Amino acid sequence: MDSRTHWEKIYGEKAPNSVSWYRPHLETSLSLIERVASRDSAIIDVGGGESTLVDDLLSHGHEDVTVLDVSQTAIDANKTRLGKASERVHWLVADITKAELTQSSYDLWHDRAVFHFLTAPNDRVAYVRQAARAVKPGGHVIVSTFGPEGPTKCSGLDVVRYDAESLHREFGVHFRLLDSSKELHQTPFGTIQQFLNVHFTPNVSSEV
């Protein structure tokens with residue numbers, strides 16, 4: 001089963017609050033974004049799924065928000081939930097490793113729980129190249145993955161766990177590590193997952 005088929009199945013069969021990564025609001029993501037993004041910053045939420053982060057970004061006055069996900073079902077669910085407000089969002093249905101993103105088009109790249117699903121090295125390289133190309137000089141990349149003590153599988157798929165140093169190695173010469181933190185996420189089932197949040201900025205001396 002390819003990635004798109006897998007996630008269409010997940011979003012087609014499960015309610016938004018019945019997946020392990022669900023939170024009513026992504027408070028940590030919102031806080032990290034608002035530290036560095038202005039109201040007119042171009043923001044892309046990579047692998048937004050059915051997350052309410054887009055709702056909160058709009059309610060906080062952010063005017064240039066893109067949500068990308070491999071699942072059309074997830075994007076449609078977001079549009080339905082937002083109603084008229086969905087017209088204020090740019091929607092992209094694509095695999096982030098293959099998406100056609102305009103160069104230097106985003107001030108901030110946000111990803112909660114996509115990168116750790118990329119178990120193939122070539123997919124990780126493709127992802128980093130996408131971020132390096134699409135984020136403006138002086139922009140920001142916020143990536144959240146499972147931490148060193150996080151799960152080894154999620155949604156029936158293997159994942160890769162990271163600490164700040166190993167995740168920075170994946171992003172290589174393209175990005176400079178600014179900050180990192182860990183948090184404990186309580187799933188809807190009452191279990192605890194360790195997440196790692198990392199903040200990068202593009203290295204102006206690197207070439208894509």
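**Overall fold and helix packing**

The structure is a predicted model, in which local features need pLDDT of at least 70 and side-chain atom pairs count only at pLDDT 80 or more, while totals for chains, interfaces and linings use all residues. Residues are numbered from 1 along each chain as its sequence is written, and side-chain values use heavy atoms, with hydrogens and water left out.

The protein contains six helices and nine strands (DSSP runs numbered from the N terminus: helices, H or I, at least four residues; strands, E, at least two). Its C-alpha trace spans about 45 × 40 × 30 Å along the principal axes. Buried residues (under 20% relative accessible area, 1.4 Å probe, protein chains only) account for 50% of the 208 residues.

In helix H2 (residues 27–36), the buried residues are Ser 29, Leu 30, Leu 32 and Ile 33. Viewed down the axis of H2, these residues fall within an arc of 165°, so they line one face of the helix (the arc is that of the directions from the helix axis to the C-beta atoms). They pack against strand E1 (42–46), helix H3 (53–59), strand E4 (106–112), strand E5 (135–146) and strand E9 (192–202), contact meaning heavy atoms within 4.5 Å.

In H1, Glu 8, Tyr 11 and Gly 12 meet Gln 72, Thr 73 and Ala 74 in H4.
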